[in-house]
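Subject: Structure handover and notes

Hello,

Here is the structure I promised to pass on.

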Amino acid sequence: PISKLLKHATEAFHCILVHVTMNQPQTRRYLKGSYDWLGCWGHHMKSPLFKTLREYQKLNHFPGSFQIGRKDRLWRNLLKMQVRFGKREFSFFPQSFILPHDIKLLKNAWADGSTKQKWIIKPPASARGIGIQVIHKWNQIPKKRPLLVQKYLHRPYLIGNSKFDLRIYVYVTSYDPLRIYMFTDGLVRFASCKYSSSMKSLSNKFMHLTNYSVNKLNAEYKPNSDGKLCQGHKWSLKALWLYLNQKGVKIEQLQEQMKDVIIKTIIALKKGLDPKRPCTNV
């Protein structure tokens, strides 16, 4: 059986070697013109090509998984679930406005808000902090490109007076039946400037964004050479749990709430998928 020929990669070098090999042009051409392969890790495959897959072949994306990968599609799918099941079950995401479609709704919300209200604007299909801005004036909104706009939290939860976010690794192997795995560790990414609510600081991306791609460019950025320690601008998730436990936070309750958000988000995607396709999603 094939299982006897496969081995788990135990060293980082092995993973890098596989990644480099799979990205070689020769490998890509071979996969494109042959059925003699088991798995492929890459970008989203075009919809018609999914029909050519054999039962034994695996991809790293389900067809339609961009429905939660894009910020605008994620908002619309979660909103549908909120309308169907109520805010009690689906209240973990902020109200969003997709421009230019929701421009009138945004104007009304803007008029109802405080003059000190801050807003965050994001390209719907970008990553690594590209195109994200925090603004407070209507004329700061770009007019000629699609955007997702949300109210900016003026009192975010801080650690060491800095903003942070969590990168949680979730692996979906099946949608029918639904099977989800959540890795026990992850990343905690910090903004590399101390947070300030001052309007004068809104253009400082090192303060308001937590993306590593942004903060590594700051001369004040401090790497963390030991994932077990709470130091620098990137921690392990396990280090965060230890830190919060020392602060009296109920870790088990928080972890269950996180699982609840993950499950509900993935369920919001389920209608747009073909669960019989041989894929997995990370």
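Some ground rules before going on. This is a predicted model, in which local features need pLDDT of at least 70 and side-chain atom pairs count only at pLDDT 80 or more, while totals for chains, interfaces and linings use all residues. Residues are numbered from 1 along each chain as its sequence is written, and side-chain values use heavy atoms, with hydrogens and water left out.

The overall picture

The protein chain has 10 helices and nine strands (DSSP runs numbered from the N terminus: helices are H or I with at least four residues, strands are E with at least two). Of its 282 residues, 35% are buried (buried is under 20% relative accessible area, exposed over 50% and partly exposed in between, with a 1.4 Å probe and protein chains only). The chain exposes about 19000 Å², and carbon and sulfur atoms supply 56% of that area (Shrake-Rupley method, 1.4 Å probe; for residues, only the protein chains shown count as cover). Among contacts with a separation of 6 or more, 55% are between residues 24 or more positions apart (contact means heavy atoms within 4.5 Å).

β7 and β8 run antiparallel and are joined by 10 bridges (two strands pair if DSSP finds at least two bridges between them). A hairpin of two residues links β7 to β8, and V170 stands opposite M182 in β8. β8 also pairs with β9, again antiparallel, over three bridges; here V188 stands opposite W235 in β9.

Helix α9 (residues 237-246) has L237, A239, L240, W241, Y243 and L244 as its buried residues. Their cover includes β7 (164-175), β8 (178-190), β9 (234-236) and α10 (251-270). Just after α9, G248 takes a positive phi of about 85 degrees.

I159 lies in the loop between β6 (147-151) and β7. It is buried, with a relative accessible area of 5%. Beyond its neighbours within four places in sequence, I159 contacts F164, F190, W235, L240 and Y243.

T210 sits in the loop between α7 (205-208) and α8 (212-215), and is buried at 9% relative accessible area. Its side chain joins that of D165 in a polar contact of 2.8 Å. Not counting residues up to four places away in sequence, T210 touches K163, F164, D165, R189, F190, A191 and N215.

Now back to D102, in the loop between β3 (96-99) and α6 (103-112). Which side chain of opposite charge is nearest to D102? That is R76, 4.4 Å away, and the buried D102 has no salt bridge (a side-chain nitrogen of Lys or Arg within 4 Å of a carboxyl oxygen of Asp or Glu; Lys and Arg count as positive, Asp and Glu as negative, and His and the chain ends are not counted). Leaving aside neighbours within four places in sequence, D102 is in contact with R76, S96 and F97.

Best wishes

Definitions and conventions:
A polar contact is a pair of N or O atoms within 3.5 Å; within protein, one must be able to donate a hydrogen and the other to accept it, and residues adjacent in sequence count only if both atoms are side-chain atoms.
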